[in-house]
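Hi everyone, thanks for coming.

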Amino acid sequence: MKKEKTDWFVHDRFGLFVHWGIYAIPGRHEWVQSREKIAAEDYKKYADRFEPDLYDPVQWARDAKRTGMKYAVLTSKHHDGFAMWDSQLTDFKVTNTPAGRDLMAEFVEAFRAEGLKIGFYHSVIDWHHPDYTLDSPHPSRDQDPGKFNQGRDMGRYREFLHGQVRELLTNYGKIDVMWFDWTPPEKNRKDWDSENLATLVRELQPGILLNDRIDYPESADFVTPEEYQAKAWPERDGERVLWETCQTLNGSWGYDRDNVNWKSPEVLVKVLIDTVSKGGNLLLNVGPTARGEFDPIARETLAQIGEWVHRHGRSIYGATAAEELPPQDCRFTRRGNRLYLHVFSWPLRHIHLEGFAGRAEYAQFLHDGSEIFFREGDPNAVAQNTAMAEDAGTVILEVPLRRPDVIVPVIELFLRDS
Ligand code: GLC
């Protein structure tokens, strides 16, 4: 049962994260309210200015699909507490802004129509709710906690939190992923009543996959290392776990106008490959503008990644870690009897695959399906002017001098064994 539930996720490997909310207006990172210690009353001004007249979720969905993404996770509420849907439990919501409509509903409809699965990111942290108590990330953290917390009741906040989650998982059809975020050091599972929260999620959406950020690891289907490339397939109690790394395009999740730390398409393609080579998924984020668009650099980056994925999807979808150690500067993924060699740094003429003698049946470039010659190492061969014996256990791939013109060249190796 468990495996069937997670099959699509393991297969699909690549999703879009969208951090969109009224923090796109200041355009200084989604944590702007905390970083600049803006009181909730002052922050409200951004709700009055939220007018995303260029919002076109059909275009977003097409961009995601063209990038090769198979699912999308949208922020329903971030830490600022602003609801991107028509919640009946708060006035601090998108329908009370100049936008005047439920933008999440449109997102869900457009992405589903393009065949992508849907997830909601929902912050359990809330800097707006009058019952939410002080903790270290809170914009009012400098205030006296005794005074600030007076009259605040996390019990009432929990009811609100569970109520909003009920709305989200009741009113938008089948939701595939619930992505809660996160538990500050001063809080724990009791603050969210994580046990009942997880139960509620599963009751309302039996097939859903739940992440791991409500301080209740027992309930998690997958773990979510953030802006971090794991060294190896993450384990818990000695067992490999389902995992998804989430990564920004420029270090900020929400739109961050003056941030120029863009990751190159090459780095991001390598992150995708590296992740799948360790059995994980990549959730790659875009922070749309206040007008409702993916900005040009984000779009161009996605387009270039998509160009690569278009020709190399065979090494990503349905692929996973291989048990063999790859040669230097390479990553392996495996799908059935096919092994994919991703060459991060182009070598001179030969790639040595140690221990593969007798196992290789055929080899080709993945981008164009052109044949790659190979031979098995011959300990008696003496190359011209050297006395270097070849390793009999090695398969030697003969690659062209000129590196193929793709972001990362991939060699598809058909193995005799499966
Ligand atoms: C976080 C941050 C955040 C972002 C996120 C994505 O911990 O607080 O702003 O939404 O995780 O993983």
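Let's start with a right-handed β-α-β unit, made by strand E2, helix H6 and strand E3. To find the parts, look for E2 at residues 71-77, H6 at residues 103-113 and E3 at residues 117-123. Do keep in mind that this is a predicted model.

How do E2 and E3 pair? They run in the parallel sense, over 6 bridges, and Ala72 stands opposite Ile118 in E3. On to strand E4, residues 177-181, which is parallel to E3 and joined to E3 by 5 bridges. Here Gly119 has Val177 in E4 as its bridge partner.

Now compare strand E12, residues 350-353. In a regular strand, side chains alternate between the two faces of the sheet. In E12, Ile351 and Leu353 form the covered face, while His350 and His352 form the uncovered one. E12 pairs with strand E15, residues 395-398, in the antiparallel sense over 4 bridges, and Leu353 has Val395 as its bridge partner there.

Last stop, the ligand. There are 14 residues around the ligand, and those that come nearest are His19, Glu30, Trp31, His78 and His79. By type, the shell has 7 nonpolar, 3 polar and 4 charged residues. A polar side-chain atom of Glu30 is 2.5 Å from a ligand oxygen. For the side chain of His78, an N or O atom lies 2.8 Å from an oxygen of the ligand, and for His79 that distance is 2.7 Å. The protein covers 93% of the 310 Å² of accessible area that the ligand has on its own.

Methods:
Residues are numbered from 1 along each chain as its sequence is written. This is a predicted model: local features need pLDDT of at least 70, side-chain atom pairs count only at pLDDT 80 or more; totals for chains, interfaces and linings use all residues. Side-chain values use heavy atoms; hydrogens and water are left out. A residue is near a molecule or strand if one of its heavy atoms lies within 4 Å of it. A polar contact is a pair of N or O atoms within 3.5 Å; within protein, one must be able to donate a hydrogen and the other to accept it, and residues adjacent in sequence count only if both atoms are side-chain atoms. Accessible areas come from the Shrake-Rupley method with a 1.4 Å probe; for residues, only the protein chains shown count as cover. Ala, Val, Leu, Ile, Met, Phe, Trp, Tyr, Cys and Pro count as nonpolar, Asp, Glu, Lys and Arg as charged, and the others, Gly among them, as polar. Buried means under 20% relative accessible area, exposed over 50%, partly exposed in between (1.4 Å probe, protein chains only). Helices (H or I, at least four residues) and strands (E, at least two) are DSSP runs, numbered from the N terminus. Two strands pair if DSSP finds at least two bridges between them. A crossover is right-handed if, with the strands pointing away from the viewer, the path from the first strand over the helix to the second runs clockwise.
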